[in-house]
Amino acid sequence: MAEFAYNRALQALAKHASVDLDRVLAGACTPAWEPVVYLADFARETLLPLTAGINEERMEGTPAGRTFTLGEPSTARRNGYVRLWVPVTEQTARIGVLAISVQEADPDTIAQAQLLGVFAGLVVAAMMRVSDAPRVRRQSRRMSLPASMQWDMLPPWTIRVPGALAAGILEPAYDVAGDAFDYAVDDGVIHFAVIDGMGHGIGSTVLTGLAVGTYRHARRAKAPIAQIHTAIDQALSARYDDMSFATGIIGTLTLATGHLEWTCAGHPSPLLLRGRTIVHELDNTPSLPFGLGTGPPGVHSVDLKPDDAVLFYTDGVTEAHDANRELFGLDRLTELLAREAAGEQEVEELLRRMVRNILDHQEGDLRDDATLLMLRWDGP
């Protein structure tokens, strides 16, 4: 029976704020050996080792990539031993994979390795508060200043709670500026927001940062969404006198009932996915964008059915265009959503595949930020 010595790792972590995680895990995972933690890069294209000097792993066509995209253990038999990969999770968000070598990948060993993956994720999350190493190792290429600032304000890629989840993704990951998403769960409610600040570069990032900061401040004060909407509008209009604005949607999902409410500030209508096949726009008469003095917003609502999902997106998705100036468009987006949802993969992988399609349409060079946020309600 495999019994990994977590107490050794805990003792090491209690002594130092920043540690060599692979070395700590090496002392914790006897009778396994050669642990390597890989973190997904910001574009979710590559798995990069936390320790320098080790080769990266691609998402496509590798056991490591399969473990990350599917959230399931993978194995490969080597000369007399087995290489085992398990997910690394930060809270409920999958952020990478852990590879270890074992004599045999029996069910108990796999279960112990999965616990070690959870442990590794907790350590990485703690390290990121005191060390730049995890952040630097996740960059597969140079990141712009606006993108770096934007990533610092984003929540984890996914939050899961009993009966529901929220997940977000944005591109171009290394040069994003202006788009942001946010969510939090409290007292049986998922709170969420998608913000798209006008313009590009630092100015757009600062504008969006003010909108997100105001959203969080009002949300934490327990304000209803109409008041949060007004607070964002007033914060932007008070700071800017040049007609600067942001579009966006803010809302709540009540976990016990599936009741979804939102307000809209000049933003595209959300898409409802039902039964993994039917996609249609939700009724979404918008107010003017944040910062233009809109007054009290209209509050929209819908009662979701179990397994319903709702996709929120910024206009950089539908307005992405190819070399012939053909827009990606709403029809293509709804068809893509229905097709990918029919594959029944995890929501994180569904969003990753959708973004890859949008990038392919624009030949890998988005002219505007493209953000997707999905909520799924599984039932009470």
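Helices (H or I, at least four residues) and strands (E, at least two) are taken as DSSP runs and numbered from the N terminus. The structure is a predicted model, in which local features require pLDDT of at least 70 and side-chain atom pairs count only at pLDDT 80 or more, whereas totals for chains, interfaces and linings use all residues. Residues are numbered from 1 along each chain as its sequence is written, and side-chain values use heavy atoms, with hydrogens and water left out.

A nonpolar surface patch of about 320 Å² is formed by L145, M149, I202 and V206. Helix 6 and helix 7 (201-220) each contribute at least two residues to this patch. Patches comprise residues with over 30% relative accessible area and no salt bridge, nonpolar side chains (Val, Leu, Ile, Met, Phe, Trp, Tyr) being joined within 5 Å and like charges within 9 Å. I202, located in helix 7, is partly exposed, with a relative accessible area of 35%; buried denotes under 20%, exposed over 50%, and partly exposed the range in between (1.4 Å probe, protein chains only).

At least two lining residues are supplied by each of strand 6 (93-102), helix 4 (107-127) and helix 6 (145-152). On a 1 Å grid over the protein atoms alone, a pocket is an open set of points with protein on both sides within 12 Å along at least five of seven lines, a cavity is a set where a 1.4 Å probe fits but cannot get out, and lining residues have an atom within 4 Å of a point.

One cavity of 30 Å³ or more is present. The largest cavity, with a volume of about 70 Å³, is lined by R44, F68, T69, R94, W157, E348, E349 and R352. Helix 11 provides the largest share of this lining, 3 residues.

Two of these lining residues, R352 and E349, form a salt bridge with the closest N and O atoms 2.8 Å apart; a salt bridge is a side-chain nitrogen of Lys or Arg within 4 Å of a carboxyl oxygen of Asp or Glu. Because R352 and E349 are 3 residues apart in helix 11, about one helical turn separates them. Both residues are buried. In total, the structure holds 18 salt bridges. Another joins E104 and R77 (3.1 Å, N to O). This pair links distant parts of the chain, 27 residues apart, with E104 in the loop between strand 6 and helix 4 and R77 in strand 4 (residues 74-77).

Conventions: Accessible areas come from the Shrake-Rupley method with a 1.4 Å probe; for residues, only the protein chains shown count as cover. Grid points are joined across faces, edges and corners, and a volume is the space filled by probe spheres set on the points.
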